[in-house]
2 protein chains.
Amino acid sequence: MSHFAIAQLLKGAVAVDSQVTVKGWIRTRRDSKAGISFLAVHDGSCFDPIQAVVPNSLNNYNEVTTLTAGCSVEVTGKLVPSEGQGQSFEIQADEVKIVGMVENPDTYPMAAKRHSIEYLREHAHLRPRTNMIGAVTRVRNCLSQAIHRFYHERGFFWISTPIITASDCEGAGEMFRVSTLDMQNLPRDDKGNVDYSEDFFGKEAFLTVSGQLNGETYCSAMSNIYTFGPTFRAENSNTSRHLAEFWMVEPEVAFADLNDIAKLAEDMLKYVFNAVLTERRDDMEFFAQRIEKTAISRLESFVEKDFAQVDYTDAIEILKNCGKKFEFPVEWGVDLQSEHERYLAEVHFEAPVVIKNYPKDIKAFYMRQNEDGKTVAAMDVVAPGIGEIIGGSQREERLDVLDARLEEMGLDKEDYSWYRDLRKYGTVPHSGFGLGFERLVAYVTGMGNVRDVIAFPRTKGSATY
Amino acid sequence: MSHFAIAQLLKGAVAVDSQVTVKGWIRTRRDSKAGISFLAVHDGSCFDPIQAVVPNSLNNYNEVTTLTAGCSVEVTGKLVPSEGQGQSFEIQADEVKIVGMVENPDTYPMAAKRHSIEYLREHAHLRPRTNMIGAVTRVRNCLSQAIHRFYHERGFFWISTPIITASDCEGAGEMFRVSTLDMQNLPRDDKGNVDYSEDFFGKEAFLTVSGQLNGETYCSAMSNIYTFGPTFRAENSNTSRHLAEFWMVEPEVAFADLNDIAKLAEDMLKYVFNAVLTERRDDMEFFAQRIEKTAISRLESFVEKDFAQVDYTDAIEILKNCGKKFEFPVEWGVDLQSEHERYLAEVHFEAPVVIKNYPKDIKAFYMRQNEDGKTVAAMDVVAPGIGEIIGGSQREERLDVLDARLEEMGLDKEDYSWYRDLRKYGTVPHSGFGLGFERLVAYVTGMGNVRDVIAFPRTKGSATY
């Protein structure tokens, strides 16, 4: 790999006048009347291409003048400061080796013009070649690296919780079945029901909707853990915020209460936003210019401000008394809708808000009951410009309270025996949250649809590639 | 979170005589006749517990003397150098807050005695509380962090390739079907076949067996990418090396040939082994003592030696002439068995070996054909003590050669249209490999079975939790 990444050259990591080789793809070609061609060559390592100045003294100059967007080349020459605006260095080419041409440039799906975002989605295998999806890819990578780094620095262990699960804990509905049964000849028991004892796992199995319950088992031994893996919902929601397959980050912390975990969420978001602002300035400038004017300024404001904190009960009062008319009426006991959350973050607090202590009847069985008997120690983090970005809770660590809650909700204790074991044997207060990774990337980049921030989105009716 | 991780205290990161609190679980308790109790408290942050010395002057001393393995506590006191052997610091406790007892200590599944590894597997939700699985968890985390760091430092982008795929490229067989169809009432077309157009994705969908082909699309734009995610095989293999769900690392590098990628594999393995040797010495000492005597020495030897390189054709000659009788006979054209690979690595070369250029008839369609017309640019990395750990290849980047190969193998070009597009539009030589992450963890720890190095193993007949 005897060549340099373009990012290295553009940031001045290589001495001027060095002989260098770059390998990549043509973004544009421009020929001057003086017999010089200017090639913009990119290799994905950073937002900008590097300019190669190709004199007509080269043996294959005629070939060079047939290069079009997407052709692959190896360019060797001298690295020199560039006189052009907006570029630091360029290459005076001695050699341009043509590696791969583009068949029928006129019909090349990624020809150098603006494409609609829907068109790009239909060419998901080629869209990383565009400025936009290239930038998304680098920012997504930056965020994921920062997430791993954040937790690793704080002594958290990454746990890969299972993707396939036959656990009954997850609550069916909206789950994908995983099976190797022969669909044309399903085995049946003597009542005529499908006989899952003959399926691969000997019982019904599904794709996980969350690693939380599994994560709690490791939290109850290792103290600080997190998951970062794919999760699945077979929801029929055709929205810009939903995918059938998406990545989740779920930390779980022993001896932590709701406030601790709210602080962890704030620290994590600020850490990863700072990473993007520092490491991916080039891509963020593109997003600010072309996708969302405030892409940079809102991240800068986010990392500077303390999160606001408000109780659900107080938030309801704020919303009832604010004078604004909402589509969904506000009353104690209802779940907050996106319009409510955004009002709180964008208008009332003008900052990210942690909303805490929700009515227990709208929340999951595992959330810790507060002393008032009406609410649970749940929280949502709501940010200006996006709405809910994180949901978490303190978990119910008291076996008797958990059991009463399971019964109240008509859930079978037997199905939760391993989860209950954690409360029987050295139980500890613990808390955690879940972050939808694609929503985070969409927020940071300003991309309006989560389908454009994951390489190959899976949605109702679509799982190609 | 006003307490210290035990790892911090034991490594001397906190000043002697500081007042500190630790929170964790009892490993053992010992009472002296002099009215002092010694609690070994662990919190998962490192291999060793910290000793808390509890005088009988504490108000709840009687309660303290009822603590058993697995009980959760908060201990506050003065951090002092320890006089005991093998421990650096201990805590002179002023306060022991009992957080959670163990119900019926006599029947606590993780009571402080040796358990068989099979027994632990059946208690996967509690086994991270043991020395062994705790150590596996920390080493696994260390390896995964090191992998991300290795690629990030080298300018690779992490790509999350899809888990669910309706692509026809992967070759069915041994794949898990993903579906939301009502199994009791499957929709049928007019020929009586299951009508997958009514399924969630509008066609048949499966769990991925590899991210490689998808990864190649991003490599053809971003140059250097890697995947690190779960993959699936519905194999009925009840062995110590197979899981139905396992994590794979798959780098893909543009403008790289087989030798480049062999070098990358060598660099990566050495990098991550060095990370374990440096960062998880405590856990590795446990593995060397209790699991595999050479656990540390073989890693040290691995990182010091250059990998041997041998052509498949030469390897066959070595095996035929070595005088050893193998169970599977050796002849040019056969795939190498584990016994052959291990002979080469352990006896002949006494080093990790890269075996290159295999007969094309035993390899996949996408591997690049060599000029001899008989072999492809494939490689396996084979290590002493484990056998094959990495498999990779240079990919066929020439459209005409790829098409001829597809035809030869009876595969339909139409099914590979997006894969072929990468060769139509600015094709570049590129190469990559796959590393089974659980096999790596099993090798490093010396654990004999991959089921014990992933939190909740999925195998034929088993997907509980």
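Rings of Phe, Tyr and Trp, the last taken by its six-membered ring, count as a pair if their centres lie within 6.5 Å. In this predicted model, ring pairs of this kind link Y218(A), F365(A), Y366(A), Y416(A), W418(A), Y419(A), F456(B) and Y465(B) into a cluster.

**Aromatic pairs between chains**

- F201(A) and F176(B) form a stacked pair, with 5.5 Å from centre to centre and 10 degrees between the planes.
- This pair crosses between chains, running from the loop between strand 8 (177-179) and strand 9 (206-207) of chain A, which holds F201(A), to the loop between strand 7 (164-165) and strand 8 (177-179) of chain B, which holds F176(B); both F201(A) and F176(B) are buried.
- The ring centres of F437(A) and W158(B) are 6.4 Å apart and their planes stand at 55 degrees, so this pair is tilted.
- Because F437(A) lies in helix 13 of chain A and W158(B) in strand 6 (residues 157-158) of chain B, the pair joins two chains, and both F437(A) and W158(B) are buried.

**Packing of helices 4 and 13 in chain A**

- Helix 4 (residues 131-153) of chain A packs against helix 13 (residues 437-445) of chain A at an angle of about 125 degrees, with the axes 10 Å apart; the two helices are therefore oblique to each other.
- Helix 4 of chain A passes helix 13 of chain A in a right-handed crossing.
- In this contact, residues of helix 4 including V136(A), L143(A) and I147(A) meet residues of helix 13 including F437(A), L440(A) and V444(A), and by class the contact has eight nonpolar, two polar and two charged residues.

Key:
Residues numbered from 1 in each chain as written. Chains lettered and ligands numbered in written order. Predicted model: local features only at pLDDT ≥ 70, side-chain atom pairs only at ≥ 80, totals over all residues. Heavy atoms only, no water. Axes fitted to C-alpha atoms, helices over the stretch in contact; angles between N-to-C directions. Helix = DSSP H or I, 4+ residues; strand = E, 2+ residues; numbered from the N terminus. Parallel < 35°, antiparallel > 145°, perpendicular 65-115°, else oblique. Left-handed = near helix turned anticlockwise from the far one by under 90°. Contact = heavy atoms within 4.5 Å. Nonpolar A, V, L, I, M, F, W, Y, C, P; charged D, E, K, R; others polar. Phe/Tyr/Trp six-rings, centres within 6.5 Å; stacked < 30°, edge-to-face > 60°. Buried < 20%, exposed > 50% of the residue type's maximum accessible area, 1.4 Å probe, protein only.
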